[in-house]
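Subject: Structure handover

Hello,

Here is the structure for you to look through. Please keep it open while you read the notes below it.

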Amino acid sequence: TRVYVLNGPNLGRLGRREPEVYGSLSYADLVELCRRTAEELGLAAEVRQTDSEAELIGWLHEAADARLPVVINPAAFTHYSYAVRDALAMVEAPVIEVHISNPHAREPFRHTSVVSPVVTGTIAGLGLDSYRLALLALAALLARE
Ligand code: DQA
């Protein structure tokens, strides 16, 4: 089964970006980790990153049309993009929202997720393991269907 792993703005700079918050592994490491984990679970992960809200929304339209499950780290869009939220609401397959850090332990503006109400579940605060656990959750949900 194909699944999308979609990453929002600034996540392409993992490893160089606030390493005390996001760790020292790079975006390339994240891609590798997701592909490997998915494969172990019998899934094929298509991992993408964009700094553009429009591009991210286009990918969500693709996922909706192809009925693909999605792991998404919307990054800062999490906190204010009603457009990303509305696009996610069209995805009928399971969607897991992930965060590397724990947004609830950080600045108040990060305590709100406008996407959480339209996703299947959320995993946050576990570093890159958040993605591994999200893929595991997707595999479990798909096996149940
Ligand atoms: C993030 C948390 C967001 O608040 C932040 O804007 C990000 C990354 C995370 O993965 O911890 O860019 O989604």
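A salt bridge is a side-chain nitrogen of Lys or Arg within 4 Å of a carboxyl oxygen of Asp or Glu. The model is a predicted one, in which local features need pLDDT of at least 70 and side-chain atom pairs count only at pLDDT 80 or more, while totals for chains, interfaces and linings use all residues. Residues are numbered from 1 along each chain as its sequence is written, and side-chain values use heavy atoms, with hydrogens and water left out.

Salt bridges

The count of salt bridges comes to eight. One of them joins Glu-62 and Arg-48, with 3.2 Å from N to O. Glu-62 is in helix H3 (residues 53-66) and Arg-48 in strand S2, so this pair ties together parts that are 14 residues apart in sequence. Helices (H or I, at least four residues) and strands (E, at least two) are DSSP runs, numbered from the N terminus.

Are these two side chains buried or exposed, or in between? Buried means under 20% relative accessible area, exposed means over 50%, and partly exposed is in between (1.4 Å probe, protein chains only). Arg-48 has 17% relative accessibility and counts as buried, whereas Glu-62, at 35%, counts as partly exposed.

Another salt bridge runs between Arg-2 and Glu-46, whose closest N and O atoms are 4.0 Å apart. Arg-2 belongs to strand S1 (residues 2-7) and Glu-46 to strand S2 (residues 44-49), so the pair ties together parts that are 44 residues apart in sequence. Both are partly exposed: Arg-2 at 43% and Glu-46 at 30%. Arg-2, Glu-46, Arg-48 and Glu-62 are linked in a network of salt bridges.

Arg-36 also forms a salt bridge, with Glu-32, at 3.7 Å between the closest N and O atoms. Both residues lie in helix H2 (residues 27-40), and they are four residues apart, about one turn of the helix. Arg-36 is partly exposed at 40%, and Glu-32 is partly exposed at 41%.

Rings

Which residues form an aromatic pair? Phe-77 and Tyr-80 do, in an edge-to-face arrangement with 6.0 Å centre to centre and 75 degrees between the planes. Rings of Phe, Tyr and Trp (its six-membered ring) pair if their centres lie within 6.5 Å; planes under 30 degrees apart count as stacked, over 60 as edge-to-face and the rest as tilted. Phe-77 is buried, at 5% relative accessibility, and Tyr-80 is partly exposed, at 49%.

Strands

Strands S1 and S3 pair in the parallel sense over four bridges; two strands pair if DSSP finds at least two bridges between them. Tyr-4 stands opposite Val-70 in S3. S3 also pairs with strand S4 (residues 95-99), in the parallel sense, over three bridges. Glu-97 in S4 is the bridge partner of Ile-72.

Which way do the residues of S3 (residues 70-73) point? Val-70 and Ile-72 point one way, Val-71 and Asn-73 point the other way, and all are buried.

Regards
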